[in-house]
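Please look over the model below before reading on. My notes follow as numbered points.

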Amino acid sequence: MSEESDFREVEQLIKSFIEEARLELRQRWEKWTIDLSQNEIHEVVGALLARQLTLARQMAQCPPIWNGHIAPIILRAMADVFISLAWVLKNPLDRSRKFVLYGLGQAVLQLEHRKSQIADREPTAEEKMLIEASKAWINSQRFSFLTEVNVGSWSGITTRQMAEEAGCVDFYNYVYNPFSACAHSMWHHVARYNLRQCANPLHQYHQVPEDPDLSIDPHNFYLAAKYLEKTFHAFDETFSIKVDVPSAYDHLCEGLDRLSARNTEQETGGSD
Amino acid sequence: MTTKKILQDYKRQGKTFLPPFTHMLGPLHEISWVKTMLPELVWIALIQEHYGHSKGVSLITSLNRLARKCAPSEKIRIFATISSFREMTTDEQLCLQSGLAASGELFEIQKAFTPLIVFYPECPLRFLFSATPTLADANNKHLKSFKTLVAGLYDKASRNTMMVQATAVWLAFDSGGLKVFKGLALASFPEIEKYPNTKLSQEVAASIRASVQMFFTEHHYPVTSNWPRYFWNRGFEIDRCYFKDMVDE
């Protein structure tokens, strides 16, 4: 990706990907028969699909974060969305409700924390407004005084168990789990990315902190697109939806292959 | 995709999986070769580097026999670690220094130890010098060769490092602190000379590496010793950090 033209082509790939991915979501929503008696399903599933698109789009739009420092945080969030959605899709009504109620409980908890923080003084106008808005948002869905606060996991089981039940434990093992190291800044991430070994034997070859610049790796963009595609596919399978717009993921793959082939050709001095 | 179960031979305890070794033998207290043993045995390496293995062993043996003579004790003492010399009283240390001077070996030993005492003035072997030694000219040259020596000691199984460990074990034999049954690999101790070229020498080396641990048990090693800690922290005072892509200034 050293050539100006390559950058322009990547820019074009990003633009097309976003347009096509948004079109895909829209068409899925249009083709999905809405049943308002089970609106929780549509809102939860729809929100998760849109969230996945948002994450993929944000990744696409920010090439400087296509590196081992930041990309895995986004990809881990995408893995979370996928596993949640895949688990919800196995029992959409019950699990969508669970998802909503847990979220409302968390919102109540946050509200109570905020209120307790300012309990011994008069809240400012801005704080008052924030509290009222938060209360109103909860009450518009369920009275806050009726809302249970669950401090466990929203599904009642671990993410691994959710993945097992949803038939995507490999995705958990090879995507969610490895990317968690970066998302939570665990030792096996920070030791590799934020330490540098000193070559002095008198210093016990200790490691010192550093903030290294990493090169941009389009593979991270590709992965985000792949997880979005995987999410769309899980939705399509469950609700028997068939979209007829072009696949943003397929187009991106073609574009990246084209770029890669051209670069290989240039490196090996192939014919022009 | 995945069918094979992982960690099958581990023992689950709540949310922790214990490896079979720990599960069956219980938790082990590790003595680190690099953190503790290397700084304790570096004096042997210095003498051997200076005089070669054969003369080195001879000097080290003399030093040890004299140390045992100057510091008689009911329990068998093996002066294999630098910290063990700190256990000597001032009179015992003076006795050792004058004994070595009388035998004509003090100067040779001092010569080998000079970088150690110059770079690490609080070294317990400092008592062998009446005055603080200096390194004539290029400090850098001495520091560089000391670094090379220490770097070589990280590899516990290299020939030079094996000879250091073998010498320490030899001191245990010589003091009567170590006896082995016939037929055990360690009974073929002299074979270590051929290391790593014969299978037997490799077996002897493995036994030596295991035996070196004994110098660091409570019976032989002053647990309060601060030498290893001083040694490593002093490294930061005498030299800076180096990184692979750093241009030498």
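1. Buried here means under 20% relative accessible area, exposed over 50%, and partly exposed in between (1.4 Å probe, protein chains only). By that cut-off, 13 of the 17 residues of H7(B) are buried, leaving the helix mostly covered.

2. This is a predicted model, in which local features need pLDDT of at least 70 and side-chain atom pairs count only at pLDDT 80 or more, while totals for chains, interfaces and linings use all residues. Residues are numbered from 1 along each chain as its sequence is written, chains are lettered from A in the order in which they are written, and side-chain values use heavy atoms, without hydrogens and water.

3. Helices are DSSP runs of H or I with at least four residues, strands runs of E with at least two, numbered from the N terminus. H7 of chain B covers residues 159-175 and reaches 24 Å from first C-alpha to last, close to the 24 Å expected at 1.5 Å a residue; the expected span is 1.5 Å times one less than the number of residues. Just after H7(B), B:Gly176 has a positive phi of about 85 degrees.

4. A nonpolar core is a set of buried Ala, Val, Leu, Ile, Met, Phe, Trp, Tyr and Cys residues joined through side-chain atoms within 4.5 Å. The largest has 74 residues, and B:Trp43, B:Leu96, B:Tyr120, B:Leu125 and B:Phe146 touch the most other members. H2(B) gives the most to this core, with 18 residues.

5. Where does B:Tyr10 lie? B:Tyr10 is in the segment before strand E1 (11-13) of chain B. At 32% relative accessibility, B:Tyr10 counts as partly exposed.
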